[in-house]
Amino acid sequence: MGTHKLDYDDLTLLQKIDSPKDLRRLKVEELPRLCDELRADILKELSVNPGHLASSLGAVELTVALHYVYNTPEDRIVWDVGHQAYGHKILTGRRDRFCTNRKLGGLKPFPFPSESEYDSFCCGHASNSISAALGMAVASKLQGEKRKIVAVIGDGAMSGGLAFEGLNNVSTTPNGMLIILNDNNMSIDKSVGGMRQYLLNLTTNSTYNKIRYKLSLQLLRLGVLNDSRRKGLIRFNNSLKSLLTRQRNIFEGLDIRYFGPADGHNVIELVRILRTIKDMKGPKLLHIHTVKGKGYAPAERDATIWHAPGKYDIKTGKRDENAKDNDGGPRKFQDVFGHTLLELAQRNPKIVGITPAMPTGCSMSVMMKAMPDRTFDVGIAEGHAVTFSGGLAKDGMLPFCNIYSSFMQRAYDNIIHDVAIMNLNMVLCLDRAGLVGEDGPTHHGAFDLAYLRPIPNLTISSPYDENELRNLMFTSQLPDKGPFVIRYPRGCGSVRNWRNEFEEIPVGKGRRLRDGNDVAVLSLGPIGVEVTKGILIAEMKSRNEGKDIQVAHYDMRFLKPIDKEILDEVGSRFRTVITVEDGVRDGGMGSAVTEYLCDRFGRTAPAVRRMGIPDEFVEHGTVAELRKIVRIDAESIADMILNS
């Protein structure tokens, strides 16, 4: 990999910056040096405390320029996709705590208003910045305030439908906000779609830029640039552009003043541009080009891998590789999904793969490489991904639509109206279900069981391990299964020999993993592995106390349809039933079990003790730490068994 020029130990300027006020005391000529130090600090910290690297490296100069020109926190910067905001955190009083980023009790993984007054809005999901910033701009105007509002949208977020909705409203609602389009041709994987190609082709004529800049200054001096004449001037501006460049872009077509493209890594030029357009009336868009991973050669060469690379040697660029199976195969659920999907697609010509901008993250890239004509990355557009899949299913294809659990929330209406009502044969794969760890509350897949359970026609399943995942995927693609949901967690499972022969699993049928006479524990999905550990702990402790508790364990496999035979069995045999799920406790499997047992047995129904994620947003930390906090770890399960 070679060595790199950044000095990771000499942070002379950065150490003087405890707030943007300190930054604004620097001379503009000092800003390039500050950018180098900020980039070095991010690289150094993330080499030992992993996080989202490449996006923040690409936004360093923009971050410095924004806080230099704007009077933050009075002026608002609304980040879109908080992956870009590590430099922002460091410059806004959190430099000394940045080493705690994403750790339990440390800095949050994304901007959160509760953490800092400089974090104007929560931005764990993409495409919300324009809408949120417009709301702030209108609120400021209605309250007679003079603050400036800036929305920073990038990393492919412009492909999201919410961004277009916000953009359309910006053009018709009086405001003075600035939208900065940080165009790096990337989300996590390469950006796709018409907007990506449009931005690649978008350019401005140098003669036009010079004329427009001089004309703007003259009109400002004459006092002509004001709200009452803004639309006419924009139309004149657009006509001038069309005359000189023979083109007109989508933003100017919406009556939004367009500036750019500009070099997003020239901090002095960015400062000049921002100062020039800062006080212009009406909505404006500054289009900048940046390089994801800028300043670190390995990240520039492969921004997808270096989006969140884990630990690495900062000088050589060598990453710590994830542990592999003994046979060299994948262990992560996502990898088992990717290889299994390809196997099934090779057998079944109707199978197609769809993902919203996450082919690498969900490992659909395996099939994409082998069958590019049967895989579709639709960009950051979860609702479209589901409805697109519905259209494919309606006309005879069998889509496997893979969306992270927390992102699937954005497609709820589409699941109901464009899939479930028509009972279409398709598979919704929910990766990252349950607690995901360091990415925190915006990314935990906590709600899917509860929000999907009321929808008619859905089959909802979750595999105990990797072998069960393969079997559920095989089952889901058999004829006439209707809409079939498979949820599974982030990271590695419990099986090393994952490539089992396919077996059909009867829909709605669970299994008894072990028998017992005292307490029944019902689990759904891979949390069952933790339940198995908890049962062993409980039985060992009970023997030590001379009690010898015997615990039955049932792997439900399906939330919907739920296995009524198992529920009838536990309802008639046990006085206490414990349910464990890696999802919200209210409305999920525990609620389904309680409802059925109450309806079936009435006053003689067993007591149901529900274990799951409580009615609160769970913060960030390792999965093990978070399971302990919400009490779905093995020790907590053992305690529940012993105290039931």
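Helices (H or I, at least four residues) and strands (E, at least two) are DSSP runs, numbered from the N terminus.

## Basis of the model

This is a predicted model, in which local features need pLDDT of at least 70 and side-chain atom pairs count only at pLDDT 80 or more, while totals for chains, interfaces and linings use all residues. Residues are numbered from 1 along each chain as its sequence is written, and side-chain values use heavy atoms, with hydrogens and water left out.

## The five-stranded sheet

An open sheet is formed by five strands, whose order is β1-β2-β3-β5-β4 and whose pairing is parallel. The edges are taken by β1 (76–79) and β4 (257–263); each has a single partner strand, so one side of each lacks a neighbour in the sheet. On average, neighbouring strands of this sheet are turned by 20° against each other, direction ignored. Two strands pair if DSSP finds at least two bridges between them.

Within the sheet, β3 (residues 178–183) and β5 (residues 284–289) run parallel and are joined by six bridges. I179 has L285 as its bridge partner in β5.

## Two cis peptide bonds

The peptide bond from T72 to P73 is cis, its omega being near 5°. P73 lies in the loop between α4 (60–69) and β1.

A cis peptide bond also leads from G260 to P261, with omega near 0°.

## Residues with positive phi

N423 is a residue other than glycine with a positive phi, near 55°. N423 belongs to the loop between α18 (412–420) and β9 (426–431). With a relative accessible area of 38%, N423 is partly exposed. The terms follow relative accessible area: buried is under 20%, exposed is over 50%, and partly exposed is in between (1.4 Å probe, protein chains only).

R432, likewise not a glycine, has a positive phi near 55°. The loop between β9 and α19 (448–452) holds R432. R432 is buried, at a relative accessible area of 14%.

## The packing of α4 and α12

Two packed helices are described by the angle between their axes and the distance between the axes. The axes of α4 and α12 (residues 267–277) come within 9 Å and cross at roughly 40°. Such axes are lines fitted to C-alpha atoms, for helices over the stretch in contact, and angles run from 0 to 180 degrees between N-to-C directions. The two helices α4 and α12 are therefore oblique to each other; angles under 35 degrees count as roughly parallel, over 145 as roughly antiparallel, 65 to 115 as roughly perpendicular and the rest as oblique. Their crossing is right-handed, meaning that the near helix is turned clockwise from the far one by less than a right angle.

From α4, the residues E61, L62, V64, A65, L66, Y68 and V69 meet V267, L270, V271, L274 and R275 of α12. The residues of this contact divide into ten nonpolar, no polar and two charged. Here Ala, Val, Leu, Ile, Met, Phe, Trp, Tyr, Cys and Pro count as nonpolar, Asp, Glu, Lys and Arg as charged, and the others, Gly among them, as polar.

## The surroundings of A520

A520 is located in strand β13 (residues 519–524) and is buried, at 0% relative accessibility. A520 touches A552, Y554, V570, F574, T576, V577 and I578, not counting residues up to four places away in sequence; contact means heavy atoms within 4.5 Å. The C-alpha atoms of A520 and A552 are separated by 4.7 Å, although the two residues are 32 residues apart along the chain.
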